[in-house]
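Visitor: I am new to this structure. Could you show me how to read it, feature by feature?

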Amino acid sequence: MASQIIALSSIATPNNGVDLDEIMQQKAEHQGCGTSGGSGKASCGTGAGQGDLAPEIWEKVKNHPCYSEEAHHHYARMHVAVAPACNIQCNYCNRKYDCANESRPGVVSEKLTPEQAAKKVLAVASTIPQMTVLGIAGPGDPLANPEKTFKTFELISKTAPDIKLCLSTNGLALPDHVDTIAGFNVDHVTITINMVDADVGAQIYPWIYYQNKRYKGREAAQILTDRQMQGLEMLTERGILCKVNSVMIPGINDHHLVEVNRAVKSRGAFLHNIMPLISAPEHGTVFGLNGQRGPTAQELKGLQDSCEGEMNMMRHCRQCRADAVGLLGEDRSAEFTTEAVMAMDVEYDLESRKAYQSLVEQERQATVDAKRAELETLAGEQSDVKILIAVATKGSGRVNEHFGHATEFQIYEASASGAKFVGHRRVDLYCQGGYGEEEALETTIIRAINDCTAVFVAKIGGCPKASLEAAGIDAVDRYAFEYIEQSVIAYYRDYLDNIRSGAIVHGQRGDAEIRQGAYIAA
Ligand code: CLF
Ligand code: SF4
């Protein structure tokens, strides 16, 4: 395995923070949790693995970082911002910014022509060989800009046929374009559906523009929901995997989203992604200005849990920008400005990409095997104790980020069933060029992971460790560079042992804050 990893990193130097040589070196030096346990069967939801899905579905999702939680540790996506116009108005959107249905308000994209977009895709694919998906998600609505969207798909399907094409839409124009979408072999379409009741919809959408006419209020919302349901049915009839994004807006559609979940499930949606409303006065949106709050971490998780039945729930969405590039938890768009891309000599080497990806697959399989083995150590465990664990990672499914360098923490729920990814929390950087930013620690990091029992890091200094422990959060570096899920299970097993021996007393943690405001790429 070590020699394969060396080969992997020599094929390309993807600056994705996943330096596998470094990992193996550090792992050799740092004997952490070792290897116990293992899960075998992947968890339900988007953690679903090869054994949980029909082979033809697995083929479609296995390398898609949004449709497979497991894949998102290893594979990247990119967006090209070719679609500026929109045909509806959402109360959480300010048109100065990107489409808030698949991006955070607060950051402006560079808009591209289809030709510029095609060159950018080749440039990114050559630099980041684990980039497997090209999505068009704005900055307006892709299907309100059908010529630009489909021209982009046409160019990319000719020059980079191994890249999956993906689309995200509000659904109003969707029924008119399903055949074209199918014609480009698009396997993945996201529809943002926030309601199936026009009275709820009227509180979210002030107007839509449909068939050359502007509609308002309840009438607008009724047309929108009818078109969304029609589009969803048409896509699923053609075997296209549909993800539904829903923005959770407390007091407006939070309880109603359970009904939305039922409605989209009955029409064949594959995945439901319930996202928190991001709303702040500085965004200039209706909801931002009228003080509409977003959900807390517990409210979001509670709704996601209540919708998780036979339908897969996505919990790893990063609400990314319309020009996002990289793994879901990172943003490398700043490396690929139009000016930089146009100046690049791009050589698209399909064979190198395949070789790199086959080695990524081996690393991925190793994470699954390690989890399976560790889970066996929990066989027969009956405890109903559940704890949350925050993890600092920069990819590859390992605990491989220093506490001070983390801009997000991945959150895992540990229980007698094993380890399950349940979300992520964006935070301010603690480390500010040689010193720790105490304000960031108090105001964002501890609040963001306040519901967690422990935080796993590759390394942490004495001061932040003491502050975390004063807040009741165990700062753990003994799993540095080990696999995340294996480590979560190992920690949980030790945690139960400590409860039973009386060394610790298990208590419920409090709620946590979901970070508001824009994330600016480093
Ligand atoms: Fe982009 Fe969306 Fe395709 Fe993914 S994003 S168009 S399905 S390739 Fe993914 Fe980003 Fe969440 Fe979207 S994390 S906002 S769900
Ligand atoms: Fe904004 Fe997207 Fe809604 Fe259009 S669909 S108004 S771009 S959030």
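Guide: We will go through a sheet, a helix pair and a few single residues. Keep in mind that this is a predicted model.

Visitor: What is the strand order of the open sheet of 5 strands?

Guide: Start with the general idea. Strands of a sheet pair through backbone hydrogen bonds, either parallel or antiparallel. Here the order is E14-E13-E12-E15-E16, and the pairing is mixed. Strands E14 (418-426) and E16 (474-476) stand at the edges. Each has a single partner strand, so one side of each lacks a neighbour in the sheet. On average, neighbouring strands of this sheet are turned by 25° against each other, direction ignored.

Visitor: How many bridges join E13 to E14?

Guide: There are 8 bridges between E13 (residues 408-415) and E14, and the two strands run antiparallel. One pair to find: Glu408 has Arg426 in E14 as its bridge partner.

Visitor: Which helix lies across these strands?

Guide: Helix H16 (residues 484-501) does. It lies across E12 (387-391), E13, E14, E15 (454-456) and E16, and runs at about 50° to E13.

Visitor: How do H13 and H16 cross?

Guide: Again, the idea comes before the case. Two packed helices are described by the angle between their axes and the distance between the axes. The axes of H13 (residues 350-375) and H16 come within 8 Å and cross at roughly 15°. H13 and H16 are therefore roughly parallel to each other. The crossing is left-handed. On the H13 side, the contact is made by Ala370, Lys371, Glu374 and Leu375. H16 brings Glu485, Gln486, Ile489, Ala490 and Arg493. By class, this contact has 4 nonpolar, 1 polar and 4 charged residues.

Visitor: What should I look for in the backbone?

Guide: Look for exceptions. Most residues other than glycine have a negative phi, and most peptide bonds are trans. The peptide bond from Gly138 to Pro139 is cis, with omega near 10°. Pro139 sits in the loop between strand E3 (131-136) and helix H5 (146-159).

Visitor: Where does Asn185 lie, and is Asn185 buried or exposed?

Guide: Asn185 is in the loop between helix H6 (178-183) and strand E5 (188-192). Its phi is positive, about 55°, although Asn185 is not a glycine. Asn185 counts as exposed, at 61% relative accessibility.

Visitor: And Ser396: buried or exposed?

Guide: Ser396 is buried, with a relative accessible area of 5%. Ser396 lies in the loop between E12 and E13. Its phi is positive too, at about 65°.

Notes:
Residues numbered from 1 in each chain as written. Chains lettered and ligands numbered in written order. Predicted model: local features only at pLDDT ≥ 70, side-chain atom pairs only at ≥ 80, totals over all residues. Heavy atoms only, no water. Pairing = 2+ DSSP bridges. Helix = DSSP H or I, 4+ residues; strand = E, 2+ residues; numbered from the N terminus. Axes fitted to C-alpha atoms, helices over the stretch in contact; angles between N-to-C directions. Contact = heavy atoms within 4.5 Å. Parallel < 35°, antiparallel > 145°, perpendicular 65-115°, else oblique. Left-handed = near helix turned anticlockwise from the far one by under 90°. Nonpolar A, V, L, I, M, F, W, Y, C, P; charged D, E, K, R; others polar. Buried < 20%, exposed > 50% of the residue type's maximum accessible area, 1.4 Å probe, protein only.
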